[in-house]
Amino acid sequence: MRSCFTKLPLIVAALLTCMLFAILTDCSSTHTTPPPVLVVSSGSGQSTTVETAFSAPLVALVTVNGKPSVGVSVIFTAPSAPGCTFANGTNTETDTTDSTGMATSSVCTADPTSGGYSVEAATLPAAGADFSLTNTSAPPFAIAATSGTPQTATVSTAFANPLVATVTDDDLNPVSGASVTFTAPALALAPSGTFANKTNTETDITDANGNATSSTFTADAIIGGPYTVTATVTTATGVATANFSLTNK
């Protein structure tokens with residue numbers, strides 16, 4: 001009996017040591033640091049003309065347990081065609097988070113291809129977020145007749161297909177929102193025709209694919225051809241023209 005009491009202080013000491021160890025190790029031998037969380041802070045949703053720089057850098061915020069994480073490497077990666085390049089001349093760069101947990105890229109410059117895309121920001125262990133960017137086309141440079149030529153229609157009846165002209169910039173990207181004017185011959189007693197507005201000319205706007213589509217074109221009452229309907233668009237250096245060949249039979 002006395003031996004049990006003499007061992008009691010040792011037992012209590014052992015229990016206290018165990019409790020202290022559990023507290024210092026957060027009561028779990030399997031405890032690990034939570035992974036970082038990466039979110040977009042600013043720079044997403046931007047657009048710029050092809051081959052020009054975006055106005056702002058991409059900024060990602062990295063946190064661990066809700067607190068800014070300092071000195072973390074964040075890899076920014078853009079696709080190509082469409083995409084952009086950073087100050088190092090490539091589509092990827094690595095930046096380190098500052099005292100506020102922010103990693104800031106250099107300004108990215110749009111490549112020659114128009115369109116929307118995502119730039120990924122990632123860190124290890126795996127955590128990532130996407131920045132949405134858009135390269136927009138440059139001003140009109142060229143126009144081409146892409147559908148509706150050549151065609152033949154019986155006099156005083158409509159041609160089967162509308163006239164479609166495609167406008168591109170100097171990198172061959174389609175240009176949306178450009179004004180294209182279609183003009184048929186206006187000579188009296190000559191083969192020609194009229195658009196839906198009952199005149200020999202109309203203006204249409206290019207769509208997202210750079211296509212301007214005319215209304216239905218109807219042959220006049222004079223047999224002959226082929227004659228030329230022109231499509232024109234204003235460019236930085238003047239006027240670009242495309243020709244459609246039509247015949248009234």
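In the predicted model, the side chain of threonine 123 reaches the backbone oxygen of serine 73 at 2.9 Å, where a polar contact is a pair of N or O atoms within 3.5 Å and, within protein, one atom must be able to donate a hydrogen and the other to accept it, residues adjacent in sequence counting only if both atoms are side-chain atoms. Residues are numbered from 1 along each chain as its sequence is written, and side-chain values use heavy atoms, with hydrogens and water left out. Because the model is predicted, local features need pLDDT of at least 70 and side-chain atom pairs count only at pLDDT 80 or more, whereas totals for chains, interfaces and linings use all residues.

Threonine 123 belongs to strand β10 (residues 115-123), strands being DSSP runs of E of at least two residues, numbered from the N terminus. With a relative accessible area of 5%, threonine 123 is buried (buried means under 20% relative accessible area, with a 1.4 Å probe and protein chains only). When residues up to four places away in sequence are not counted, threonine 123 touches Pro36, Leu38, Val72 and Ser73, contact meaning heavy atoms within 4.5 Å.

An open sheet of mixed pairing is formed by five strands in the order β13-β21-β20-β15-β17, two strands being paired if DSSP finds at least two bridges between them. Its edge strands, β13 (151-153) and β17, each pair on one side only. Within the sheet, β20 and β21 run antiparallel and are joined by 10 bridges, and the bridge partner of threonine 235 is glycine 238, in β21.

The largest nonpolar core holds 23 residues, of which Ile143, Val180, Phe182, Phe217, Val229 and Ala231 touch the most other members; such a core is a set of buried Ala, Val, Leu, Ile, Met, Phe, Trp, Tyr and Cys residues joined through side-chain atoms within 4.5 Å. At least two residues of this core are supplied by each of β14 (164-168), β15 (179-183), β20 (224-235) and β21 (238-248). Apart from it lies another core, of 21 residues, including Leu58, Ala78, Ala127 and Leu133.

Glycine 210 is placed in the loop between β17 (201-205) and β18 (211-213) and counts as buried, at 0% relative accessibility. The C-alpha atoms of glycine 210 and proline 174 are separated by 4.3 Å, although the two residues are 36 residues apart along the chain. Beyond its neighbours within four places in sequence, glycine 210 is in contact with Ala165, Thr166, Val167, Pro174 and Val175.

Methods. Helices (H or I, at least four residues) and strands (E, at least two) are DSSP runs, numbered from the N terminus. Buried means under 20% relative accessible area, exposed over 50%, partly exposed in between (1.4 Å probe, protein chains only).
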